[in-house]
Amino acid sequence: KVNPTVAAAQASLRQAQELVYAQQGFFYPSVGTTFQAERHKVSGNTNASSTIGVQGNGVNLLPALEDPYHEPHNLPSYYTFYTAEVTVGFVPDVLGGNRRQVESLAAQKDAQRFALEATYITLASNVVAAAIQEASVRAQIQATREIIAADQKSLQILRDQFKLGFAMRIDVAAQEAALAQIETTLPPLQKQLEQTRDLIRALVGDLPNGPDETFELDALQLPPELPVALPAKLIEQRPDVRAAEAQLHAANAQVGVAVAAMLPQFSITGEYGGNATQITQMFSAGGPFWSLYGNVSQPIFQGGTLLHQERAAKQALKQAAAEYQNTVITAYQNVADTLHVSLCDAEALAADVEAEASAKVTYDLTRRQAEIGYVDTLTLLSAETAYQKPLLTRVQAQATRYGDTVSLFQALGGGWWNRKEVAAK
């Protein structure tokens with residue numbers, strides 16, 4: 001499947017490339033052909049003697065209507081006239097206006113290419129983040145169900161003890177409240193799981209009823225080395241920075257286009273063809289014709305249009321420069337924020353892992369005591385519940401830590417240049 005966002009970005013890149021090709025066509029001469037057929041009727045009131053001598057390239061256009069013994073006939077006359085020609089035009093890019101326009105379009109194409117790379121990175125990051133979220137929610141659901149099962153067993157034991165007079169009603173009510181409280185956390189987790197699975201299907205371009213792909217938290221692991229880059233390298237790696245740079249390049253080229261529009265424009269045009277009253281005579285003697293002429297035009301007064309277009313292009317260049325600077329600053333801020341969050345979340349995960357390990361030791365010792373009859377079942381179930389709760393916290397912290405790595409990968413540019421190198425090989 002292909003995500004529609006990727007398909008749209010790919011089409012946008014292809015469109016930008018075709019616009020570059022289209023503009024490059026102005027570097028070459030243009031060639032065109034025309035063929036024209038005319039059918040005429042000359043009024044019968046026209047003096048025949050004045051029409052007999054009408055010729056086109058040596059060919060009589062009208063049949064002879066003069067009678068040497070009588071007055072000229074007032075009869076209608078018809079004739080057909082054919083013209084075919086080839087026109088060649090060339091506008092030399094003497095002052096570089098077309099070259100700067102091609103340069104601008106090529107820069108915009110580069111911006112679209114980097115936008116496509118950003119789309120790939122964002123999509124990949126979203127898919128991985130959703131997979132981490134699904135794995136985390138699955139683990140939380142499993143731990144919650146185990147807590148619910150332990151609380152249900154504890155409640156059943158307390159109810160039996162209450163019937164026999166070995167437990168108080170307040171103890172039963174407290175356990176019922178604890179069970180009800182933990183049960184309320186399960187439906188939101190199940191809803192989140194289904195929504196996350198729908199999100200994954202949508203991200204890969206599938207429908208919500210598509211095939212399932214499950215993810216487990218234990219199957220995930222952090223990369224051995226995080227892709228930390230030097231600050232100067234970051235400018236080359238982030239596609240949003242490269243796209244802003246390309247837009248700056250395009251704006252600079254547009255200034256050149258605006259300046260060239262104020263300078264003289266040159267053109268050369270040549271024509272060759274033939275005409276006659278019969279197609280077979282178009283290129284016989286007297287039928288062919290040709291012309292060649294050059295043209296130089298210089299705008300003198302345009303009501304200030306060209307001047308203000310140049311000023312507007314220069315302001316657009318300043319805007320693009322400011323946006324590029326802002327993109328670079330935001331990129332550095334994004335990386336710094338992601339690194340700080342990643343370090344803090346790593347410390348939180350380490351603390352949660354330690355808390356879970358301590359609870360696990362307590363649960364294991366309590367289970368061994370229950371096996372030899374040293375503690376009752378209620379104590380064991382209570383220890384199991386006490387272990388599952390820090391397990392829930394650790395699962396959430398672990399998912400957050402994985403998500404931080406995804407965010408750092410995206411903030412550093414996603415490694416699209418490596419994918420490009422592999423594709424080139």
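Predicted model: local features only at pLDDT ≥ 70, side-chain atom pairs only at ≥ 80, totals over all residues.
Residues are numbered from 1 along each chain as its sequence is written, and side-chain values use heavy atoms, with hydrogens and water left out.

**Confidence.** The chain averages a pLDDT of 86, with 88% of the residues at 70 or above. Helices (H or I, at least four residues) and strands (E, at least two) are DSSP runs, numbered from the N terminus.

**The sheet.** Four strands make an open antiparallel sheet, ordered β1-β4-β5-β6; strands count as paired if DSSP finds at least two bridges between them. β1 (30-42) and β6 (288-297) sit at the edges with a single partner strand each, so one side of each has no neighbour in the sheet. On average, neighbouring strands are turned by 20° against each other, direction ignored. β5 (residues 265-276) pairs with β6 over 10 antiparallel bridges, and Tyr272 stands opposite Trp290 in β6.

**Helix pairs.** Axes are lines fitted to C-alpha atoms, for helices over the stretch in contact, and angles run from 0 to 180 degrees between N-to-C directions.

| Pair | Angle | Axis separation |
|---|---|---|
| α8 (residues 305-371) and α9 (residues 377-411) | about 160° | 7 Å |
| α3 (residues 97-164) and α4 (residues 169-183) | about 160° | 9 Å |

α8 and α9 are therefore roughly antiparallel (angles over 145 degrees). Their crossing is left-handed, that is, the near helix is turned anticlockwise from the far one by less than a right angle. Their contact has 19 nonpolar, nine polar and nine charged residues. Here Ala, Val, Leu, Ile, Met, Phe, Trp, Tyr, Cys and Pro count as nonpolar, Asp, Glu, Lys and Arg as charged, and the others, Gly among them, as polar.

The crossing of α3 and α4 is left-handed too. Residues making this contact include Ile147, Leu155 and Phe162 of α3, and Val172, Leu179 and Ile182 of α4. By class, the α3 and α4 contact holds nine nonpolar, four polar and six charged residues.

Conventions: pLDDT = per-residue confidence, 0-100. Parallel < 35°, antiparallel > 145°, perpendicular 65-115°, else oblique. Contact = heavy atoms within 4.5 Å.
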